[in-house]
Amino acid sequence: MNMEEYRAINSLDKIAVTKHARIRLEERGIRMDDVVKAIGNGEIIKEYADDRPLPSCLILGKSMKDKSLHLVISRDEEFIYLITAYFPDSKQWEDDFKTRKER
């Protein structure tokens, strides 16, 4: 997985949103333009190669308002699948939002 593969198909009409993700976006005040922007400027910080039906990854990107945003996404040749999205909590993540804090 690499970001260039995601960026090549990154557009509103190519992002499929799971029911879970749609609920979370609404609860968290995240818009689809935030998702598109975060994929466009983000980086993969963790890969979940064993996820099914498709491998997925955690991306750290920036929202339209330049706020850090985490996305869990997967893809096939045609679509990006948004599994969930959230603004990382500084209580759970180091200052760079790439590393989970030890518990």
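**Thr84, the cores and the overall fold**

Beyond its neighbours within four places in sequence, Thr84 is in contact (heavy atoms within 4.5 Å) with His20, Ala21, Arg24, Arg28, His70, Leu71 and Val72. The model is predicted, so local features need pLDDT of at least 70 and side-chain atom pairs count only at pLDDT 80 or more, while totals for chains, interfaces and linings use all residues. Residues are numbered from 1 along each chain as its sequence is written, and side-chain values use heavy atoms, with hydrogens and water left out.

Thr84 lies in strand β5; helices (H or I, at least four residues) and strands (E, at least two) are DSSP runs, numbered from the N terminus. Thr84 counts as buried because its relative accessibility is 12%, where buried means under 20% relative accessible area, exposed over 50%, and partly exposed in between (1.4 Å probe, protein chains only). Its side chain forms a polar contact of 3.5 Å with the side chain of His20. Such a contact is a pair of N or O atoms within 3.5 Å; within protein, one must be able to donate a hydrogen and the other to accept it, and residues adjacent in sequence count only if both atoms are side-chain atoms.

Ile23 belongs to helix α2. Although Ile23 and Thr84 are 61 residues apart along the chain, their C-alpha atoms are separated by 9.1 Å. Ile23 has a relative accessible area of 39%, so it is partly exposed.

The protein contains three helices and five strands. Starting at the N terminus, these elements follow the order α-β-α-α-β-β-β-β. The protein is as compact as a globular protein of its length, because its radius of gyration of 13 Å is close to the 13 Å that the globule rule gives for 103 residues. That radius is taken over C-alpha atoms, and the rule is 2.2 Å times the number of residues to the power 0.38. Along the principal axes, the C-alpha atoms fill a box of roughly 35 × 30 × 25 Å. Of the 103 residues, 35% are buried. Among contacts between residues at least 6 apart in sequence, 50% join residues at least 24 apart.

Next comes the interior. A nonpolar core is a set of buried Ala, Val, Leu, Ile, Met, Phe, Trp, Tyr and Cys residues joined through side-chain atoms within 4.5 Å. The largest one has 19 residues, and those touching the most other members are Val35, Ile39, Leu71, Ile73 and Leu82. Two or more residues come from each of α1 (3–8), β1 (15–17), α2 (19–28), α3 (32–41), β3 (56–62), β4 (68–75) and β5 (80–86). There is also a second, separate core of six residues, with Leu58, Tyr86, Trp93 and Phe97 among them.

Ile39 touches Met3, Tyr6, Arg7, Asn10, Ile15, Leu71, Ile73 and Ile80, residues up to four places away in sequence not being counted. Asn10 counts as buried because its relative accessibility is 17%. Its side chain reaches the backbone oxygen of Val36 at 2.9 Å.

Leu60 is placed in strand β3. With a relative accessible area of 10%, Leu60 is buried. Not counting residues up to four places away in sequence, Leu60 touches Gly42, Glu43, Ile45, Ser68, Leu69, His70, Asp96, Phe97 and Lys98. Its C-alpha atom is separated by 19 Å from that of Lys14, 46 residues apart along the chain.
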